[in-house]
2 protein chains.
Amino acid sequence: MKVALLGHGVVGRGVDEIISSRAEGVEVARILELPDRLSDPRMTASFDEIVGDPAIELVIECMGGIEPAHTFIASSLKAGKSVVTSNKAVVAAHFGEFARLAAEHDASFLIEATCAGGIPWIASIEKVRRIDAISEFYGIMNGTTNYLVDTMAKTGREFDDVLREAQALGYAERNPTEDIDGIDVRNKTIIAASVAFGITCTQNLPVSGIRHLSKADMELFARHGRVVKLLGRGVQSNGRYAVAVEPVALPVRSLEANVPANFNLVSLEGSTVGPLKFYGQGAGSLPTGNAIVQDVLDFANGRRPHYDFTSALTYDPMLLVSNYVFRTTTAPEGSERYDGNSWLVRSVTAEHARAIYSYTLESDPDAFYAQLPWE
Amino acid sequence: MKVALLGHGVVGRGVDEIISSRAEGVEVARILELPDRLSDPRMTASFDEIVGDPAIELVIECMGGIEPAHTFIASSLKAGKSVVTSNKAVVAAHFGEFARLAAEHDASFLIEATCAGGIPWIASIEKVRRIDAISEFYGIMNGTTNYLVDTMAKTGREFDDVLREAQALGYAERNPTEDIDGIDVRNKTIIAASVAFGITCTQNLPVSGIRHLSKADMELFARHGRVVKLLGRGVQSNGRYAVAVEPVALPVRSLEANVPANFNLVSLEGSTVGPLKFYGQGAGSLPTGNAIVQDVLDFANGRRPHYDFTSALTYDPMLLVSNYVFRTTTAPEGSERYDGNSWLVRSVTAEHARAIYSYTLESDPDAFYAQLPWE
């Protein structure tokens, strides 16, 4: 089977290498690269050459970003070529369109590598759904932020200090916004909700990160036997669903609280199988390359995931109600003191908690908050 | 597709129900039951009727035990019928023979339900092996013993007390030997090693359980920041492999140490994907039934797992060397004091530690020991 690679960066090179060494019968025949980087006879700077080549069955997109990735994926599917991608931003933004194009043109669209790196997360959600309805999913889906909070917890250092070190080590981007403001987790949560619930997921969900998490916050929650982690989650019940991304103060003896370094831990709840959790490297060129090649091998072995986003679930924020702790100088309305300058707000939706936080930031730009799950 | 069920106990009934309600295109056409239990027109007491019925493509064995399960599985495969089984004892004892018969008669042999209940463990090992060599696997594979140690840890009660309660609640068998002496984990470890390493695994591995684990032992290891869990594990390197089942004193902040109640957590290490961990219900009629039906659906969708046990790995106990703590009245030879009446033996194989333990039990029938992993 002849495949084409779009992009030959770290991930693209990893995929190229794994395919040539481990994927018998699969050949990377063409590679799309920038005009000034055509260092290999398989390389071209023209996408048309690739999409116009009838020998290419499968296109592997590892460029990242929205455009031209969106145009290239859509054109490939329209040409009846199947697509494997690790690009969470473009899938979160256009999943519905890609799924429809794949169905219309009898092509497959495979996205294992968009979520939780080398963890077989998307394939497991699909497998569970063959038998079970999934009532809930949640998890640590961003390795960079887990590395930051885990290092803060273990060394007692400040956020900015640990972030600078992570940037120096290459664990965090020079511009860390996507990770520390929860945008990366937001995209993965939208994709997981789409697959788990069979919906075109709302783009308009509450999203908070850990930018303002301080050493003092870690100590505050530690006094209460808790560890802060950044979680994405989704729930469905009675024809409704809700999704959210926010810091959560988890009991110190929960599995999530003990996830080290840059690892991910993602969970789902199935009606007959019960809870399932999956742990592994959430990022990195080898785990991501591995997930891409697993999709390529699944396709080569005849797996044809078909995404049907027609289940008529209504987005209802009321499905995600919990208690929240706000660390800020002045008590939010209707709150009671939790500990020192932190305040407990009971039984509000993730959306409402996010609104309180936005309002709080106006007067206290360094304020932090976290969900306080019932045990 | 017409399938037959061998056995209609709790698991069999669950499988029957899940198939009829969730597995479109699959029909349970015949059910083997005891002559005095033929309560359903599909039921027969004659296995020959089932194996002789050309309409039956797949036989689902959920009787348990070695015989007649072994004969029925072998006869079904010889008749070219594929087999799904949840029977870990018969697979651990005859995996090589079943795999050979399946290959010779162009039948499939599916065993997801033999290990870790509803966790997609066997399928994940197979999937990882498409790309990676697996250097190591280990995990909590027995829900009953995890329930016992977790309850002891959380309530500070004695082993016998918690065991009696577990038996009353139906979490433990009236005869608990299979669970508390590690026999169930031994069978699962042999099966996992066979699939992960592509070998006919030795039947002669060191196996220890938690029968003599006391409240005082839990407190001893707690003082050292550790929790005892019963683990099965296997490693391979440079053409050699080793397997063992033994109690392990794990750091309190490891994921394994925080696995609650009767859950399982199984791990593997792949060359490109890195570490992967899978968590879920390790037993129970619904998770086990779920795993069986997942195998049935995989088969219906064309998955044909082929087990090749021809890789020439040599069994070498030297691959599993660690430190061990023995709680006993007299110090084992070459040991140093660990804490009170417990003794540290450094850098010995799992086999040698098991031998020391057997010798120790002769003079101190209540002695306990656990592996002390390097952190």
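This is a predicted model: local features need pLDDT of at least 70, side-chain atom pairs count only at pLDDT 80 or more; totals for chains, interfaces and linings use all residues.
Now look at β4 of chain B, residues 56-61. Strand β4(B) is mostly covered, with 5 of its 6 residues buried. On one side, β4(B) pairs with strand β1 (residues 2-6) of chain B. The two run parallel and are joined by 5 bridges. One pair to find is B:Ala4, whose bridge partner in β4(B) is B:Val59. Strand β4(B) also pairs with β5 (residues 82-85) of chain B. Here the pairing is again parallel, over 4 bridges. B:Glu61 has B:Thr85 as its bridge partner in β5(B). How does the chain get from β4(B) to β5(B)? The path goes through helix α3 (residues 69-78) of chain B. This β-α-β crossover is right-handed.

Strands β5(B) and β6(B) pair in the parallel sense over 2 bridges. Look for B:Val83, which stands opposite B:Phe109 in β6(B). Keep B:Phe109 in mind, as this residue returns in the core.

Chain A also has an open sheet of 6 strands. Its order is β3-β2-β1-β4-β5-β6, with parallel pairing. The edges are β3 (43-44) and β6 (109-110) of chain A. Each of them has a single partner strand, so one side of each lacks a neighbour in the sheet. Strands β4 (residues 56-61) and β5 (residues 82-85) of chain A run parallel, joined by 4 bridges. A:Val59 has its bridge partner in β5(A), and that partner is A:Val83.

Next comes the core. In soluble globular proteins, nonpolar side chains tend to be buried together. The largest nonpolar core in this model has 165 residues. Which residues have the most contacts inside this core? In chain A they are A:Phe109, A:Trp121 and A:Phe221. In chain B they are B:Phe109, B:Trp121 and B:Phe221. Take B:Phe221 and set aside its neighbours within four places in sequence. B:Phe221 is then in contact with residues including B:Val228, B:Val325, B:Phe368 and B:Leu372. B:Arg226 and B:Tyr338 are also among its contacts.

Now turn to the place where the chains meet. Chain B gives 38 residues to the contact and chain A gives 37 residues. Between them, the chains bury about 3,400 Å², 55% of it on carbon and sulfur atoms. Side chains of opposite charge can pair when their charged atoms come close. The interface of chain B and chain A holds 6 salt bridges. One salt bridge joins A:Arg130 to B:Asp298, with the closest N and O atoms 2.8 Å apart. B:Asp298 also meets B:Arg303 in a salt bridge, at 2.6 Å from N to O. Is B:Asp298 buried or exposed? B:Asp298 counts as buried, at 8% relative accessibility. B:Arg303 is partly exposed, at 24%.

Over all chains, the count comes to 46 salt bridges. Two examples lie in chain A. First, A:Arg240 and A:Asp316 meet at 2.5 Å, N to O. A:Arg240 lies in strand β9 (residues 240-251) of chain A, while A:Asp316 is in the loop between β12 (314-315) and β13 (321-327), so the pair ties together parts 76 residues apart in sequence. A:Arg240 is partly exposed, with a relative accessible area of 29%. A:Asp316 counts as buried, at 14%.

Second, A:Arg346 forms a salt bridge with A:Glu336, with the closest N and O atoms 3.0 Å apart. A:Arg346 sits in strand β15 (residues 342-349) of chain A, and A:Glu336 in strand β14 (residues 336-339), 10 residues apart. A:Arg346 counts as partly exposed at 47% relative accessibility. A:Glu336 is partly exposed too, at 34%.

How values were computed
Residues are numbered from 1 along each chain as its sequence is written. Chains are lettered from A and ligands numbered from 1 in the order in which they are written. Side-chain values use heavy atoms; hydrogens and water are left out. Buried means under 20% relative accessible area, exposed over 50%, partly exposed in between (1.4 Å probe, protein chains only). Two strands pair if DSSP finds at least two bridges between them. A crossover is right-handed if, with the strands pointing away from the viewer, the path from the first strand over the helix to the second runs clockwise. A nonpolar core is a set of buried Ala, Val, Leu, Ile, Met, Phe, Trp, Tyr and Cys residues joined through side-chain atoms within 4.5 Å. Contact means heavy atoms within 4.5 Å. Buried area is the accessible area (1.4 Å probe) that two parts lose on being put together, summed over both. A salt bridge is a side-chain nitrogen of Lys or Arg within 4 Å of a carboxyl oxygen of Asp or Glu.
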